[in-house]
Amino acid sequence: MTSNPKATQAQTTKVNGKRVRIITRGGKVTIKQAPALEWELQAEQCRRLKAMPEYGKQFLLVGGMEAGRRGRQEQIKAKATGLTAGHPDLTVFLPGGKVAMIENKAENGRLSMEQKERHTALAAIGHTVEVVKASTADEAASMAVALVRGWLADNDNAVAAAP
């Protein structure tokens, strides 16, 4: 059996403690930084959102780990205690009892069927769910900060417009 010399192969590994993507195409090897993992996007978002002066005064947040790997017994416990497949990664509590959520997707990530169904159900009862697609943790954090600032501004405008 002969191999295709034009075939592309890719592998992600660590080199000097950093995740890299090794791509072999037509005999040529290229190494580039691997895209950020979703948990890394979320961790940087939490760090940056908690550093905002409004945090604790105008909004709070809670993060979820619904996608975390679990053994059989841990899966049973997680489901029994309310962990819900497809629930967004970050829940942001805003003034006036409003709740908005952020779903993170890495560079080439796609929503699962459970996520699509959960996001649709949340929107149907009036909650905002935004999907942040980013290739770096910094980009994801900047997008999350912009979303929260917008939600706070919308909330301020709604309060100012109230009779």
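At 10% relative accessibility Q115 counts as buried, a class that covers residues under 20% relative accessible area, while exposed means over 50% and partly exposed lies in between, all computed with a 1.4 Å probe on protein chains only. Q115 has its place in helix α3 (residues 113-124), where helices are DSSP runs of H or I with at least four residues and strands are runs of E with at least two, both numbered from the N terminus. Not counting residues up to four places away in sequence, Q115 touches G86, E103, K105 and R110, with contact taken as heavy atoms within 4.5 Å.

The model is a predicted one, in which local features need pLDDT of at least 70 and side-chain atom pairs count only at pLDDT 80 or more, whereas totals for chains, interfaces and linings use all residues. Residues are numbered from 1 along each chain as its sequence is written, and side-chain values use heavy atoms, with hydrogens and water left out.

**E103 and its surroundings**

E103, one of the residues that Q115 touches, lies in strand β6 (residues 98-106). E103 is buried yet has no salt bridge, and the nearest side chain of opposite charge, that of K105, is 4.1 Å away; here Lys and Arg count as positive and Asp and Glu as negative, while His and the chain ends are not counted. A salt bridge requires a side-chain nitrogen of Lys or Arg within 4 Å of a carboxyl oxygen of Asp or Glu. The side chain of E103 does take part in a polar contact of 3.3 Å with the side chain of H119; such a contact is a pair of N or O atoms within 3.5 Å, where within protein one atom must be able to donate a hydrogen and the other to accept it, and residues adjacent in sequence count only if both atoms are side-chain atoms. Leaving aside neighbours within four places in sequence, the contacts of E103 include G86, H87, P88, D89, L111 and Q115, as well as E130, V131 and V132.

**The sheet around β6**

Four strands form an open sheet in the order β4-β5-β6-β7, with mixed pairing, two strands being paired if DSSP finds at least two bridges between them. Strands β4 and β7 (128-134) stand at the edges, each with a single partner strand, so one side of each is left without a neighbour in the sheet. Neighbouring strands of this sheet are turned by 20° against each other on average, direction ignored; the axes are lines fitted to C-alpha atoms, for helices over the stretch in contact, and angles run from 0 to 180 degrees between N-to-C directions.

Strand β4 (residues 60-63) is joined to β5 by 4 bridges in an antiparallel arrangement, and L60 has F93 as its bridge partner in β5. Strands β5 and β6 also pair in the antiparallel sense, over 5 bridges, with L94 standing opposite K98 in β6. The hairpin of β5 and β6 has 3 residues between the strands, and G96 takes a positive phi near 75° there. Strand β6 pairs with β7 in the parallel sense over 7 bridges, where the partner of A100 in β7 is T128. Of the 5 residues of strand β5 (residues 90-94), 4 are buried, so this strand is largely enclosed by the rest of the structure.

Helix α1 lies across β4, β5, β6 and β7 and runs at about 140° to β6, while α3, the helix that holds Q115, lies across β6 and β7 at about 160° to β6.

**Salt bridges**

Side chains of opposite charge can pair when their charged atoms come close. The count comes to 6 salt bridges, including those tabulated here.

| Pair | Closest N to O distance |
|---|---|
| E44 and R48 | 4.0 Å |
| R48 and D138 | 2.9 Å |

R48 lies in helix α1 and D138 in helix α4 (residues 137-161), so the pair ties together parts that are 90 residues apart in sequence. D138 is partly exposed, with a relative accessible area of 49%. E44, R47, R48 and D138 are linked in a network of salt bridges.

K77 and E74 are 3 residues apart in helix α2 (residues 72-80), a separation of about one helical turn, and K77 is partly exposed at 47% relative accessible area, as is E74 at 40%.
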